[in-house]
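Thank you for letting me talk through a model this morning.

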Amino acid sequence: MEQEKIDFYKGLAIYILPEGVTNYFDVVDFNEQPAKDHGKLYKTELHIYLDEKDLKSATTLKK
């Protein structure tokens, strides 16, 4: 069940993030928290954590 939730959030992150972001970053974690401003329409906030890909080593290996 937990893996399904992670896969769902990864798909959501790819949809929300600007095009091409996942070429340079990996989605590594998610965190749901109650919304800090109670006057908002939504009740929770989704935090998406990214980790920069190491593209230099990939480029070096191709040479």
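This is a predicted model: local features need pLDDT of at least 70, side-chain atom pairs count only at pLDDT 80 or more; totals for chains, interfaces and linings use all residues.

When the whole structure is searched, 2 aromatic pairs are found. In one of them, Phe8 and Tyr9 form a tilted pair, with 5.6 Å from centre to centre and 55° between the planes. If you wonder why I quote two numbers here, it is because a pair of aromatic rings is described by the distance of the centres and the angle of the planes.

Is Phe8 buried or exposed? Phe8 is exposed, with a relative accessible area of 53%, whereas Tyr9 is buried, with a value of 12%. Tyr9 also takes part in a pair with Phe30, which is again tilted, and here the centres are 5.1 Å apart and the planes make an angle of 35°. Tyr9 lies in helix α1, residues 2-16, while Phe30 lies in strand β1, so this pair ties together parts of the chain that are 21 residues apart in sequence. Phe30, for its part, counts as buried at 15% relative accessibility. Taken together, Phe8, Tyr9 and Phe30 form one aromatic cluster.

Which residues make up the largest nonpolar core? There are 6 of them, namely Tyr9, Ala13, Leu17, Val21, Val27 and Phe30, and the elements that give two or more residues to this core are α1 and β1. As general background, nonpolar side chains tend to be buried together in soluble globular proteins. If we pick out Val27 and set aside residues up to four places away in sequence, we find that Val27 touches Lys10, Ala13, Ile48, Tyr49 and Leu50.

Of the 63 residues in the chain, 11% count as buried. The chain exposes about 5,700 Å², and carbon and sulfur atoms supply 55% of that area. If we take the contacts between residues at least 6 apart in sequence, 34% of them join residues at least 24 apart.

Next, the charged side chains. How many salt bridges does a search of the whole structure find? The search finds 1 salt bridge, and in it the side chains of Lys53 and Asp26 meet, at 3.7 Å from N to O. Lys53 sits in the loop between β2, residues 44-52, and α3, residues 55-62, whereas Asp26 sits in strand β1, residues 25-34, so the pair ties together parts that are 27 residues apart in sequence. Lys53 is partly exposed, with a relative accessible area of 28%, and Asp26 is partly exposed as well, with 36%. In general terms, side chains of opposite charge can pair when their charged atoms come close.

Tyr24 is found in helix α2, residues 21-24, and it is partly exposed, with a relative accessible area of 48%. Phe25 is found in strand β1 and is also partly exposed, with a relative accessible area of 31%.

My last stop is Ala35, which has its place in the loop between β1 and β2. Is this residue buried or exposed? Ala35 is buried, with a relative accessible area of 6%. Leaving aside its neighbours within four places in sequence, Ala35 is in contact with Tyr42, Lys43, Thr44 and Glu45. Between Ala35 and Leu46, which are 11 residues apart in sequence, the C-alpha to C-alpha distance is 9.1 Å.

Technical notes. Residues are numbered from 1 along each chain as its sequence is written. Side-chain values use heavy atoms; hydrogens and water are left out. Buried means under 20% relative accessible area, exposed over 50%, partly exposed in between (1.4 Å probe, protein chains only). Contact means heavy atoms within 4.5 Å. Accessible areas come from the Shrake-Rupley method with a 1.4 Å probe; for residues, only the protein chains shown count as cover. A salt bridge is a side-chain nitrogen of Lys or Arg within 4 Å of a carboxyl oxygen of Asp or Glu. Helices (H or I, at least four residues) and strands (E, at least two) are DSSP runs, numbered from the N terminus. Rings of Phe, Tyr and Trp (its six-membered ring) pair if their centres lie within 6.5 Å; planes under 30 degrees apart count as stacked, over 60 as edge-to-face and the rest as tilted. A nonpolar core is a set of buried Ala, Val, Leu, Ile, Met, Phe, Trp, Tyr and Cys residues joined through side-chain atoms within 4.5 Å.
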